[in-house]
Amino acid sequence: CLVGSEMCIRDRGKVMIKVYVSRFDREVDSEPHLECYEIEQTPQMKVLDAINAINEKYDADISIRSSCRAGQCGSCGILFNGNGALACQKDIKDGAIIEPQNFPVIKDLIVDKSQIEQEVKDLQLSLNPQRHDDDLNENLTPENIKNTKKVRSCIECYSCFATCPVIKFIKTKFGGPYIMRYLSKFESDPRDEFDRLDESLKEGLYKCTSCGKCKAVCPKDINTFGDAIERLREIACKEGKGPLPEHVAFKENIEKTGRSIKAEGPSFIEEVKNDNGSKIALFTGCMVDNKLHHIGEALIDVLEANGITIDIPEGQVCCGSPLIRTGQTDMVQELVDKNNEVFRDYDTVLTICAGCGSTLKNDHPKYGSNLNVMDISEFLVDKLDTDKMKELNTTVTWHDPCHLGRGQGIKGQPRDILEQIPGVTFKEMKYPCQCCGAGGGIKAGHPEIAMTLAKEKAKMIEDTGAESVITICPFCQYNIQDGLDAIDREDIKAMNIIELLQLAYQKD
């Protein structure tokens, strides 16, 4: 009954919902299992309220830790539909799956956190009072204080740890966002006596995929990847301890050609030489310009079908995302300045890569850029002439790139586009926003992690029965296709949404 659960409207106006709760009693159960409960949903009902209602109605005796009920103590951490959350803060939904965090289960939703707590204890995360002398206190600069403030409001709920895809699916040495946040906090404090950078490298600093899920689930909105992991990677590069050798190639290519990906012949920009005098320009990104010309060509076809002209200006260079994500930030300003010069006279800059779009929107303003950037799905969602489309007779599912869904807050527009295409049956996968493993330099530096996460995603896609998985990220597209091929589902194709639209507009 986990699939297709529907809200039930009962007599007297009551709204009844189904809630699935993981149950485990070591005295009688060999492993946790889900049980379904139907309860009345009251206004502003939280997960903790729902658990209490289930216990009261069914005498279920579901065990869960809770204390403050105000999102401050962190004791009621759970998994809500696969993501970390606080039971006292998360709104209950029909069909919700409530599970314990990924620690050994003691009973129901109560887990044993002693292992991670011991790891934290071993790090000796406390300042030595013997080192609180005047010289050290003088070195505690406003910048130090600013950096520690960004990451020190943690309430120990472990939502980030329980949600991190690398920790969840990969058996590897990785401290995850919880440990990295601590290490960054203490690295910023001159009164700390340990080498936190070396510790972060030992804890797997370069095993993070930059998915941003840790920030998305954090009840205190701590940006662990940006303010802790990226920062530690930047320090590692400045001190000659990073990045990974595979990441150096990104920078070398950019220094030589302006692109992070080596060209396989003439670039897309060189081939099209597109200058229409439009006020709308395309930021191609490195993958489309040097490797995936067909996506750029598909975009031109789709825009022409809708009477839209754009410029594809020469001189544009890498957005710098591969450098920022891996800590190689010393030449980012140069890249930002070059792109600002190229695009300064355009009203709108379109992107067809989630990573490029997120970097242009979120990182470039820190370097003085103020371009008006739009993802292609934002731009096209209300401009498509559906009368010109033909029936495609295909079933698709959608993958949310991390740098699109969480990085840019874009989730509805691509789905709206899919719903507009005649003959397309859209089936949502279980966790469309689960990271595929392509980002953060992982595909190059730790391909085994990228492949494991890609296969997890591929299995989810397979379960939908879709013929294609659609996305707006060349890196996701490549990695997911690798995962599909690895589970012997080469018949399922990973496609950019522009390619699907091109098919819809092609004449028979």
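Biologist: OK, so two strands count as paired if DSSP finds at least two bridges between them. With that in mind, which residue of E10 stands opposite Leu-282?

Modeller: Leu-350 does. Bear in mind that this is a predicted model. Strand E9, residues 280-283, runs parallel to E10, and 4 bridges hold the pairing.

Biologist: And which residue in E11 is the bridge partner of Leu-350?

Modeller: That's Met-374. E10 and E11 are also a parallel pair, with 3 bridges.

Biologist: Which way do the side chains of E10 point, and are they buried or exposed?

Modeller: Thr-348 and Leu-350 point one way from strand E10 (residues 348-351), while Val-349 and Thr-351 point the other way. All of them are buried.

Biologist: Where does Asn-372 sit?

Modeller: Asn-372 is in the loop that runs between helix H17 (354-363) and strand E11 (373-375). Its relative accessibility is 40%, so Asn-372 counts as partly exposed.

Biologist: Switching topic: how do strand E4 and strand E5 run?

Modeller: Antiparallel, with 4 bridges joining E4 (residues 77-80) to E5 (residues 83-86).

Biologist: Now charges. How many salt bridges are there?

Modeller: The count comes to 30. As background, side chains of opposite charge can pair when their charged atoms come close.

Biologist: Which residue meets Glu-230 in a salt bridge?

Modeller: Arg-325, at 2.5 Å from N to O. The pair links distant parts of the chain, with Glu-230 in helix H10 (residues 224-238) and Arg-325 in helix H15 (residues 321-326), 95 residues apart. Both Glu-230 and Arg-325 are buried.

Biologist: And what does Asp-289 form a salt bridge with?

Modeller: With Arg-259, where the closest N and O atoms are 3.1 Å apart. That pair also links distant parts of the chain: Asp-289 is in helix H13 (residues 285-290), and Arg-259, 30 residues away, is in the loop between helix H11 (245-257) and H12.

Biologist: Why does Asp-289 count as buried?

Modeller: Because its relative accessibility is 5%, and the cut-off for buried is under 20%. Arg-259 has 3%, so that residue is buried too.

Biologist: Which residues are linked with Lys-107 in a network of salt bridges?

Modeller: Arg-23, Glu-35 and Asp-108 are in that network with Lys-107. Within it, Asp-108 and Lys-107 meet at 3.2 Å, N to O. Asp-108 counts as buried because its relative accessibility is 2%, whereas Lys-107, at 23%, counts as partly exposed.

Biologist: Where is Glu-297 found, and why does Glu-297 count as partly exposed?

Modeller: Glu-297 is found in helix H14. Glu-297 counts as partly exposed because its relative accessibility is 37%.

Conventions: Residues numbered from 1 in each chain as written. Predicted model: local features only at pLDDT ≥ 70, side-chain atom pairs only at ≥ 80, totals over all residues. Heavy atoms only, no water. Helix = DSSP H or I, 4+ residues; strand = E, 2+ residues; numbered from the N terminus. Buried < 20%, exposed > 50% of the residue type's maximum accessible area, 1.4 Å probe, protein only. Salt bridge = Lys/Arg side-chain N within 4 Å of Asp/Glu carboxyl O.
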